Every structure is written in structure tokens, then in C-alpha cells.
Amino acid sequence: MKQQMMNVLVYIIKTRKLKNGECPVLLRVTVDGAWSDIRINRSVKEEIWDAKLGMCRGKSREANELNEYIRSLHTRLYEIHRNMVLYNEYFTPELLLKKLFNKEAAKTVLQFFKEHNEECRLRIGRDYAYSTINRYDNCYKSLEAVIKKEFGKSDITFTEFNSQLVHKYELYLTVDKQLSLNTLVRYMKVIKKISNLALAAGLLRSDPFAGMHFKQPKTNPVFLTKEELDIITHKQFTLERIAIVRDVFVFCCYTGLAFIDVSSLKKEHIVMDNEGTYWIRKARQKTESMCDIPLLDIPLEIIRRYKDHKICKEKGILLPVMCNQKMNSYLKEIADFCGIEKDITTHAARHTFATTVTLANGVALTNVARMLGHTTTRMTEHYAKVLDCSIKRDMDNVLKAINL
């Protein structure tokens with residue numbers, strides 16, 4: 001941006017004298033021919049005003065006080081101008097005067113954070129999932145608690161948003177909230193996002209996260225072995241709620257659908273190809289990536305089992321899926337009934353599909369990625385853990401090649 005020169009003029013209006021007979025004092029700022037002026041809430045007698053100097057003549061207390069105030073306005077105004085030029089910011093005479101008299105609405109940290117969350121909330125179902133917005137809201141509440149605890153007030157300005165606050169926030173999440181390391185990193189990344197947006201908007205002068213790096217540790221996702229999956233699949237349950245949860249879970253194990261996608265699965269998502277094979281063709285709600293999944297006999301049977309179920313008919317869905325919280329609670333009971341000592345959740349079904357159902361049976365990683373709705377195989381590698389049997393099979397092929 002071209003550097004803009006600024007001129008400052010202090011003058012009085014002789015034709016609009018106040019009731020006390022004094023003239024109001026005005027401050028005019030000119031930038032590249034454009035100007036704006038404002039009253040500085042001061043007045044002076046016409047006879048002691050020096051128009052050429054833009055100050056009072058004489059050494060009376062009245063003159064000294066006004067002159068000192070005018071000099072302070074000059075100093076502050078040139079400081080504002082210098083900083084805006086330094087940071088290559090756009091400015092006008094009106095904007096300079098607003099900054100001088102603090103008349104522009106200053107953004108606060110929580111206000112900025114809240115606006116960000118509300119904007120993201122409007123995009124749920126497009127490029128944001130509800131779970132993501134829920135995490136943003138939890139981060140907001142945690143930061144609000146830290147600000148109240150550390151500053152004793154409801155909000156702070158961006159001048160107080162520094163590395164020390166970031167450290168206090170991390171400490172709060174670790175000690176007070178007792179979050180796991182993975183969750184802690186996700187929360188810190190949200191605050192870093194807010195920080196980056198504030199930097200881009202010019203609200204922050206320096207990065208409070210400078211020199212900080214957050215890396216989520218690698219985890220070992222839970223999945224079922226073939227034997228464990230067979231036990232759950234063929235286990236007889238007398239309680240209907242348990243049987244339904246088992247069937248939905250097994251369906252996901254053989255299709256790789258996430259909870260949010262299986263709960264919204266409809267008849268229109270099932271298509272048949274020219275060879276008579278049924279496929280699930282559905283865009284993932286989280287990423288909108290298309291999934292193409294051939295239906296095996298077990299998931300097809302589960303769909304037929306619930307075609308006349310009351311909930312399925314009322315909602316127009318294929319399976320009577322409960323809420324995720326109930327599903328996970330009942331899955332713990334199912335694991336106990338089946339003698340499986342694993343913390344099974346609805347998401348474990350997705351890992352089971354990637355690892356036990358597909359890769360362990362020789363399905364190519366690229367095809368697994370397509371069925372899971374991943375755009376690259378990098379994410380698929382997180383879901384699909386290579387089993388010993390896969391390694392053994394590949395090494396057997398190497399042995400055969402060597403012995404030829």
C-alpha cells in the first residue's frame with residue numbers, strides 16, 4: 001500500500017461561540033486531500049488563541065492545560081498513523097480520529113470467538129458437522145472459564161491474548177478438565193485457529209502460539225478380530241434393544257458406515273448393478289465424499305430383518321438406529337455377554353470393517369479408502385491396521401516366488 005501523508009490542524013470556530021463566550025476547539029486530520037474534523041470537547045477565549053500555532057498564547061493555567069492536551073493529541077495521533085503505516089493498514093481521516101478518541105468498536109476475544117462459532121453453525125450439514133461445532137462451543141466455554149479465573153472479568157481485549165493466556169488455557173484443560181492428550185490437542189488447535197483468524201484480521205499484533213507445536217500421539221484403534229465378530233454376529237439375545245444394537249453394529253462392521261451415516265441410511269441409498277449386486281451409494285455426512293460399498297449377505301439380511309419395523313416405516317429409514325450414547329452403552333453389555341474384553345463403541349465397527357473384513361481378506365487399500373469415503377489412503381491407514389495374517393499371507397507369496 002502506498003504510504004499516505006497526514007496533516008493535522010487545530011482551529012477554533014469564531015462564529016459559533018458557546019454560552020460562556022468561548023469558541024469551540026476542533027481537530028482536523030487530512031490524508032491525501034481528504035479531511036475530517038471533530039470537536040475535542042474544549043473551548044478557549046478568542047483573544048488568546050494563536051491560529052498560526054494552533055495553540056493558546058500566554059502562560060496562564062488555562063492556556064497551559066489546553067496546550068498540553070493539544071500536544072498529547074498530536075503525539076497520540078502521529079503514533080496511530082505510524083503504526084498503521086508500519087503494518088500496511090488501510091486508513092482514512094475518519095478512521096484515524098475514531099482510533100484517537102477510542103470511538104471504534106473494539107473486538108474482544110470471546111466476542112470474536114462467539115461470532116466465529118455462530119458463522120460455523122450456519123454451515124452445519126454443508127462443510128461442518130454438528131460434533132465439530134459442539135467442540136468449538138466447549139472450547140469457548142473453557143476459555144471463558146480461564147478468563148474469569150485469571151482476569152476476574154467476563155471478557156478481554158486482544159492485547160491481553162498472549163502466550164501466557166495460552167499456557168493458562170492448556171493448564172486448565174489438563175488439570176481442571178483432565179482431558180486426554182488427544183482431546184487436549186484438538187482443543188488447543190481450535191484456539192490456535194481463532195488466534196490465526198485474529199492475526200489475519202489485524203486484531204493481534206503477534207502470534208501467541210509462536211514456537212508452540214501440538215502433535216497428537218498415535219493411538220491403537222479398537223477393532224474386532226474375525227472370531228470376535230463371528231461371536232457377536234451369531235449370539236442370541238432375548239432383549240429387543242440389545243438385539244437391535246447388535247444388528248446395527250454388525251451392519252456397520254460389514255459396510256464401514258459411520259454412526260451418523262447408518263442412522264440416516266434410506267432405501268434410495270441402495271442401488272443394484274447390472275449383475276444383480278446391491279450397493280450402498282451414499283455421500284458421507286461429515287465430508288460429503290461418496291461411498292461405494294457392495295452389500296454382503298449379512299448386511300443384506302439385517303436390512304430385510306427390519307423392513308417392517310415401526311420406526312423404520314415412520315422415519316423412512318432402513319435400520320432403527322438409537323442415539324450414539326445408548327448404542328455405546330449397550331455395546332458394553334454386548335461385549336460382556338460375548339466375553340470380549342474390549343471397549344467396543346460404534347466407531348470400532350468402522351475400524352473392524354477396514355481391518356478385519358477388507359484388508360485381512362486381500363482388499364486393496366485404495367478400494368478400502370473408496371468404500372470408507374476417504375479422498376486419500378492416508379486417512380485409511382489410520383483405520384486399517386495390518387494384521388499378522390496379512391503379513392504372513394504376503395510373505396508366503398514371497399516364499400513361493402523365491403522357490404519358483
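**Close-up views of salt bridges and cores**

**View 1. Glu 118, Arg 121 and Asp 137 join up in a network of salt bridges.** A salt bridge here is a side-chain nitrogen of Lys or Arg within 4 Å of a carboxyl oxygen of Asp or Glu. By this rule there are 20 salt bridges. The model is predicted, with local features needing pLDDT of at least 70 and side-chain atom pairs pLDDT 80 or more, while totals for chains, interfaces and linings use all residues. Residues are numbered from 1 along each chain as its sequence is written, and side-chain values use heavy atoms, leaving out hydrogens and water.

**View 2. Glu 228 and Lys 342 meet in a salt bridge, 2.8 Å from N to O.** This pair links distant parts of the chain, 114 residues apart: Glu 228 sits in helix 7 and Lys 342 in the loop between helix 12 and helix 13. Helices (H or I, at least four residues) and strands (E, at least two) are DSSP runs, numbered from the N terminus. Glu 228 is buried, at 17% relative accessible area, while Lys 342 is partly exposed, at 30%. Buried means under 20%, exposed over 50%, and partly exposed in between (1.4 Å probe, protein chains only).

**View 3. Here is the largest nonpolar core, with 48 residues.** Such a core is a set of buried Ala, Val, Leu, Ile, Met, Phe, Trp, Tyr and Cys residues joined through side-chain atoms within 4.5 Å. Helix 8 gives the largest share, 10 residues. A second, separate core of 30 residues includes Tyr 140, Ile 156, Ile 191 and Phe 209.
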